[in-house]
Amino acid sequence: MCLYSQREGLPLSILESMACGKTIVATDVGGISEVLTSEQGVLVKPGDETGLKTALIEAMYIKQGDCIREHIISIANAKKMSAQYDHFYNGLTS
């Protein structure tokens, strides 16, 4: 999966693709680097078209499948994230 953009927060498409076990090539913007390591994909500097070409080739050699899925589920599990939000908001009202 390739997401080459100039600005992002933490795009859901990256998380969904990783949950499907897909290797990612993405621009190093927003929060993408917080979830994507070299074991799941390749980060590219914004505006680096040559780097994008190289990254796409590199990504073909990264193992896809459960290893990527397990990584993203461990850090972006919906139940875990929901519990963290609940904890945060409960702390605001106490």
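This is a predicted model: local features need pLDDT of at least 70, side-chain atom pairs count only at pLDDT 80 or more; totals for chains, interfaces and linings use all residues.
1. Leaving aside neighbours within four places in sequence, serine 13 is in contact with Met1 and Leu3, where contact means heavy atoms within 4.5 Å. Serine 13 sits in helix α1, which covers residues 12-19; helices here are DSSP runs of H or I with at least four residues, strands are runs of E with at least two, and both are numbered from the N terminus. With a relative accessible area of 28%, serine 13 is partly exposed, a class that lies between buried, under 20% relative accessible area, and exposed, over 50%, as judged with a 1.4 Å probe and protein chains only.

2. Residues are numbered from 1 along each chain as its sequence is written, and side-chain values use heavy atoms, with hydrogens and water left out.

3. On the overall fold, the protein chain has 5 helices and 3 strands, and from the N terminus on these elements run β-α-β-α-β-α-α-α. The C-alpha trace spans about 50 × 30 × 15 Å along its principal axes. Buried residues make up 32% of the 94 residues, and of the contacts with a separation of 6 or more, 41% are between residues 24 or more positions apart.

4. Threonine 27 belongs to strand β2, residues 24-27, and is buried, with a relative accessible area of 0%. A polar atom of its side chain lies 2.8 Å from the backbone nitrogen of serine 5. Beyond residues up to four places away in sequence, threonine 27 touches Leu3, Tyr4, Ser5, Ile32, Leu43, Val44, Lys45 and Pro46.

5. Leucine 52, in helix α3 (residues 49-59), also deserves a look in the viewer. Leucine 52 counts as buried at 15% relative accessibility, and, not counting residues up to four places away in sequence, it touches Cys2, Tyr4, Val25 and Val44. Leucine 52 and serine 82 are 30 residues apart in sequence, and their C-alpha atoms are 34 Å apart in space.

6. On the cysteines, the structure holds 0 disulfides, a disulfide being a pair of cysteine sulfur atoms within 2.5 Å. The sulfur of cysteine 2 is too far for a bond, because the closest cysteine sulfur, in cysteine 20, is 17 Å away. For cysteine 67 the closest cysteine sulfur is likewise in cysteine 20, at 14 Å, and is too far for a bond. Cysteine 2 is partly exposed, with a relative accessible area of 39%, and cysteine 67 is partly exposed at 34%.

7. Met81, Tyr85, Phe88, Tyr89 and Leu92 make a nonpolar surface patch of about 550 Å². Phenylalanine 88 lies in helix α5, residues 78-93, and is partly exposed, with a relative accessible area of 48%.

Conventions. A polar contact is a pair of N or O atoms within 3.5 Å; within protein, one must be able to donate a hydrogen and the other to accept it, and residues adjacent in sequence count only if both atoms are side-chain atoms. Patches are made of residues with over 30% relative accessible area and no salt bridge: like charges are joined within 9 Å, nonpolar side chains (Val, Leu, Ile, Met, Phe, Trp, Tyr) within 5 Å. Accessible areas come from the Shrake-Rupley method with a 1.4 Å probe; for residues, only the protein chains shown count as cover. A salt bridge is a side-chain nitrogen of Lys or Arg within 4 Å of a carboxyl oxygen of Asp or Glu.
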